Amino acid sequence: MFTGIISAVGTIKNVTPKAGGVALTVDASALDLTDVALGDSVALNGCCLTVVERRAQMLVFDVSAETLRCTAGFPAGGRVNMEKAMRLSDRLGGHLVSGHVDGVGRIVQLIALDAAQNEENAAHNYLLEIEAPQPLMRFIAPKGSLTVNGVSLTVNTVADHRAAINLIPHTFTATTFSSLKPGDAVNLEIDLIARYVAQLLDGNGRLG
């Protein structure tokens with residue numbers, strides 16, 4: 001389990017094809033690796049992956065073809081949001097995140113909002129608008145939680161298969177959002193609570 005609070009941003013150095021998928025080598029030098037061991041879980045852009053090898057500040061992950069099919073992908077040179085699996089003693093600063101990607105959305109717009117008046121060099125908030133797959137829309141609610149590329153975010157409004165989110169300056173600069181643009185694909189994970197409420201109401205909890 002994860003919290004959706006990003007610990008560091010890594011860079012994918014190599015993508016090596018192998019039977020059943022690929023091996024990712026990620027530069028994780030910005031992440032505290034003192035307690036990372038083989039077999040540990042680390043979320044990359046919200047996708048829970050297992051560390052299969054460690055080379056100094058590099059972490060290697062095996063990614064199956066199914067995971068590649070269900071996510072926005074992991075291109076060489078790409079930047080990824082990173083979070084180590086939470087411990088029971090950790091603060092839950094975001095919300096409970098499983099690391100299982102439910103679908104891929106598309107960024108409709110990502111624009112800076114006006115900085116605070118009368119403050120020179122004030123940082124901007126940003127409006128992030130995402131188009132989500134139709135089967136996910138019933139799980140996305142105003143003021144509810146949504147995980148985007150591994151980041152726990154609060155939805156402001158929902159309309160026309162789109163979710164609008166406000167990004168504070170820290171979230172924008174401490175994650176990969178600063179390098180995203182309209183049209184880019186992003187991994188989405190719905191709120192676990194929404195999933196279970198749906199199961200209680202309709203008896204299946206399926207996304208479709």
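**Exercise 1.** Find how many bridges join S1 to strand S6, and which way the two run.

*Solution.* Start with the count: 4 bridges link S1 and strand S6 (residues 79-84), and the two run antiparallel. Strands here are DSSP runs (E, at least two residues), numbered from the N terminus, and two of them pair if DSSP finds at least two bridges between them. Next, pick out a position: threonine 11 sits opposite arginine 79 in S6.

Before going on, note that this is a predicted model, where local features need pLDDT of at least 70, side-chain atom pairs count only at pLDDT 80 or more, and totals for chains, interfaces and linings use all residues. Residues are numbered from 1 along each chain as its sequence is written, and side-chain values use heavy atoms, leaving out hydrogens and water.

**Exercise 2.** Trace S1 into S2 and work out which residue takes a positive phi in their hairpin.

*Solution.* First, S1 (residues 8-18) and S2 (residues 21-27) are antiparallel, joined by 7 bridges. Then look at the partners: proline 17 bridges to valine 22 in S2, and lysine 18 to glycine 21. Finally, the hairpin has 2 residues between its strands, and glycine 20 has the positive phi, near 85°.

**Exercise 3.** Give the strand order of the closed barrel that contains S10 and S11.

*Solution.* Walk around the barrel: its 6 strands go S7-S8-S11-S10-S9-S12, with antiparallel pairing. On average, neighbouring strands of this sheet are turned by 45° against each other, direction ignored. Now zoom in: S10 (residues 151-159) and S11 (residues 162-167) share 4 bridges, and alanine 159 has arginine 162 of S11 as its bridge partner.

Terms used. Axes fitted to C-alpha atoms, helices over the stretch in contact; angles between N-to-C directions.
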